[in-house]
Amino acid sequence: MKVEAKILIGLGVFFGLMCLVYWNWSLENAGGVMMFAAMLLCFLPGGYYYWWSRRMKMRPEDDPNATQASGAGVVGAFPGTSIWPFTLGMGAFFVVLALVFGIWFMVPGIGLVAWAMLGGTAEGRRGGKV
Amino acid sequence: MTDVLVPPVHVEDHGHEEHHGPTGILKWITTTDHKIIGLSYTVTAVIMLVIGGMFAEIIRAQLATPNGTLVSLAQYNELFTMHGSVMIYLFAGPFAFGALANIIVPIQIGAPDMAFPRLNALSYWLYLTGAITMLSGFFVSGGAANFGWVAYAPLSNSLNTPGSGADLWIGGLLLTGFSAIFTGVNLCATIFYLRAPGMTMFRMPIFTWNMLVTSILILLAFPVLTAGLIMLYADRHFGTHIFSVAGGGVPVLWQHLFWFWGHPEVYILALPFFGMVTEIIAVFSRKPVFGYKGMVFATLSIAALSLGVWAHHMFTTGVVLLPFFSIMSLLIAVPTGIKIFNWIGTMWRGEVWFSTAMLMALGFLVTFLIGGLTGIYLASPPLDFFTHDTYFVVAHFHSVVMALVLAGMAGLYYWGPKITGYLLNERIGKAQFWFLFIGSQVFTFPLYILGLDGMARRMAVYPHQPQWKMLNDLSTLGAVLIGISTVLFVINVVVSWKKYPAGDNPWDGHTLEWFTTSPPPHHNFYRLPQIRSERPTWDHNHPGHPALGHGQHEVHENEVPAS
Amino acid sequence: MWQGFSIGAVIIGALVVALILWAVFRYRRTSDRIPEQSQYHLPLEMLYTVVPILIVFGLFAATLVVENKEVANPKTSVIVNVNAFQWGWKFTYPGTNALVYGQTTEDPVMEIPVNTNVHVNLTSSDVIHGFYVKEFNFSRYALPGVLNQFTLRAQNTGTFFGQCTQLCGLYHSLMWFRVKVVSQSDYAAWIASFNNPAAEAAAKAANKTTSQQTSSIVPSKPAYTNFGVK
């Protein structure tokens, strides 16, 4: 995980430097705030990976001499087919249409979104189809 | 070096049952397989390309005469707005990171699927509904959005652009924006967590590296666009005055927010295509990628710098810090130049063979070089002052995007056989290349001259300067050639349908995706080779030709090594 | 500076294209042999990292020199207030009664004297417009609520065509104006021609409404069948 951490922290440091230079030189607030936020966004996962990389043992994908056998076993959960992404997508569609055409679209919109959230979470806990 | 071929790293063991899933439309709606989702993205994106292209042809037809009457002034404003919006938001972005990345990244790193398959599917549905939303502006009274794809305030507020076409544009962008953000999260997680054993970060293919950096850029930039859009919507409908002077707002703030997203966006569009071209040039020169670490460093530099250059789109506002943005914009030329020299270095002393994919990649190189060099002019404020908002800028970015289209076609010809299992016809492909490449140059060169001669952009009618009509007509000819090339592409797809089986590795490819079957099976790999370099398939197929370290030379069979 | 950039661009472009073409022809595939699998060459890579950085700093230095000349504020003797609106231009000359107003293809003319530093105050009444005259190698946005200022110094007499370069709505394509550079005596005479009561009253009214207006002005009938004639 060290390389990932270094990349993100490196980017964060660069944005921090750019933010310092820019904000002090131009006194322009929108750009300064945005770059500060970009710096934070890089430090967040970067810091987490760095902290984590010091505590975990080497994963097979970070080991240059790993054999395929070292990675055998369950990799993760990969739900095969699921109706919930489509439902959530349609719900989001109706929510956006509500912004354009009228608040009543929110009824099917929020309804579908809520249904998809519940159904998708339940499916995740159950295991779902593979 | 022997391979250790093991049963694949796999999901929870479900025995050897058959996959009896749903079929037909229900299968499409419920799929979470990244390959099918990626194919859906590809088909939708190509449809968007055709729609945007049709808008372009109408624009060029209108500009064929100085007082064209093909479309009204209002319709013309809608046309160029939707042309830009469709091409950038609905074609180039989704094609780059939704279509090809979705399909190729997992198989390049040996993963069974993306990290979050259902989120992946959701990204596609948000993209499709976002596209429908944006385009349905044409069917409401008042027409589609007409304020340019950049929607500058205060032109885009409710006073100057009433009507639902603009709101549909905003809504469509909100949906596609979230689609992009979710894809970015997915790609990052997949690349960080699902690599095969032995595939360290510095053994990943360059395409995957570029997609990783693209994802980080997406996560940094798109939320800013979403925030800006919500603010614009609030100004239009909730009575806020964020961008309007009358209420104490600042119109230029919209430009800051928009371009803070907008400039990383063009690199989000470009980096995936850079990655594709890197892979293709290496395979069709039969050599490893030259300067692998330099490429990675250059990609990271481009991404980092791109977040600091946004106001070079705003030099003529008079309210931005000119020297800062000028030096940062000029500096981006350096990593881009490193990449171009590395591409040449990859070909140098290789065995270069010209399949359609390689021709398209070479066309990309030349066209992007021209577009990039003209971008250098625009990075200098004094030069920008008189080229801004003229056709010079239009020519610059069209050079660059035509280069990206060439690269995208290269990607389709290169990876198409892997995804579908069938090759495309090479003769038609080469004809398509020549129409596209020559068409792109014929289209953009007159526009450079027009811009320098003072023709401003976004004009439905133009004053009759003596050579402007002739140059516009020449540009229209180029656009027609590009249109023909697109038709040839569609013909190629139809004619080659299921005709030329591809086999696992038709191009003698280097990276992991060429090790599996075409198309890959469910969960992508039956077996994985040992991974000891960034070219696992090449090492497996050509064990006597590993990539050389610095200063090493190959020892040929007949040579006696110097003792 | 334009020529400097162009020479550099052409040289670099030609060099890279030559490299590409050379690589493609000289190293095209002639057999099935597998070529030497070289993959990096550190000195060469360092070279083409450092040299572009030096070139970039050179370009930036040239930019700074020219930019500082452009944004300098020399003493000016003539002031013009340029007010852009949907869809036309209004030029007022504070301290005099001169006022020029035109919508779309009525083509208002801004007269300025030759070889004089003219201070321009540029603003907009509604949306963002662009003030652009090709022969001046210069454009600047007219922003609502912001006063953009710059100095023009015209060196040749003549009439120069101007356009609005920032999309501003329906008649953006027709927001024309002209800048007429005349000798200093002609300019003085032109200013003097506004010294009659009607012009004085019009100027007073115009100067009152120069500060922000938010209502748009819609021309009654677009005259776009007779443009293109200068």
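How many residues does the contact take from chain C, and how many from chain B? The legends below refer to a predicted model.

**View 1. The contact of chain C with chain B.** The contact takes 70 residues from chain C, while chain B contributes 80 residues. On the side of chain C that touches chain B, at least two residues each come from helix H1 (2-26), helix H2 (42-70), strand S6 (129-133), strand S7 (138-142) and strand S9 (158-164). Of these, H2(C) gives the most, with 14 residues. Sorted by kind, the residues of this side of chain C comprise 39 nonpolar, 22 polar and nine charged.

**View 2. The two domains of chain C.** Chain C is divided into domain 1, which covers 42-72, and domain 2, which covers 78-208. The centres of these two domains, taken over C-alpha atoms, are separated by 37 Å.

**View 3. Met360(B) in the largest nonpolar core.** This core holds 270 residues, and those touching the most other members are Val277(B), Ile280(B), Met360(B), Ala361(B), Leu406(B), Ala407(B) and Ala410(B). Once its neighbours within four places in sequence are left aside, Met360(B) is in contact with Leu406(B), Ala407(B), Met409(B), Ala410(B), Tyr413(B) and Phe433(B).

**View 4. The helices of chain A.** Chain A has four helices and zero strands, giving the pattern α-α-α-α when read along the sequence. Its C-alpha trace spans about 55 × 50 × 20 Å along the principal axes, and its radius of gyration is 22 Å, whereas a compact globule of 130 residues would have one near 14 Å. Buried residues make up 36% of the 130 residues in chain A. Among contacts in chain A between residues at least 6 apart in sequence, 58% join residues at least 24 apart.

Terms used
Residues are numbered from 1 along each chain as its sequence is written. Chains are lettered from A and ligands numbered from 1 in the order in which they are written. This is a predicted model: local features need pLDDT of at least 70, side-chain atom pairs count only at pLDDT 80 or more; totals for chains, interfaces and linings use all residues. A nonpolar core is a set of buried Ala, Val, Leu, Ile, Met, Phe, Trp, Tyr and Cys residues joined through C-beta atoms within 7 Å. A residue is buried if 20 or more other C-beta atoms lie within 10 Å of its own, exposed if 12 or fewer, and partly exposed in between; C-beta atoms are placed from the backbone. Two residues are in contact if their C-beta atoms, placed from the backbone, lie within 7 Å. Domain bounds come from an automatic or database domain assignment. Ala, Val, Leu, Ile, Met, Phe, Trp, Tyr, Cys and Pro count as nonpolar, Asp, Glu, Lys and Arg as charged, and the others, Gly among them, as polar. The radius of gyration is taken over C-alpha atoms; the globule rule is 2.2 Å times the number of residues to the power 0.38.
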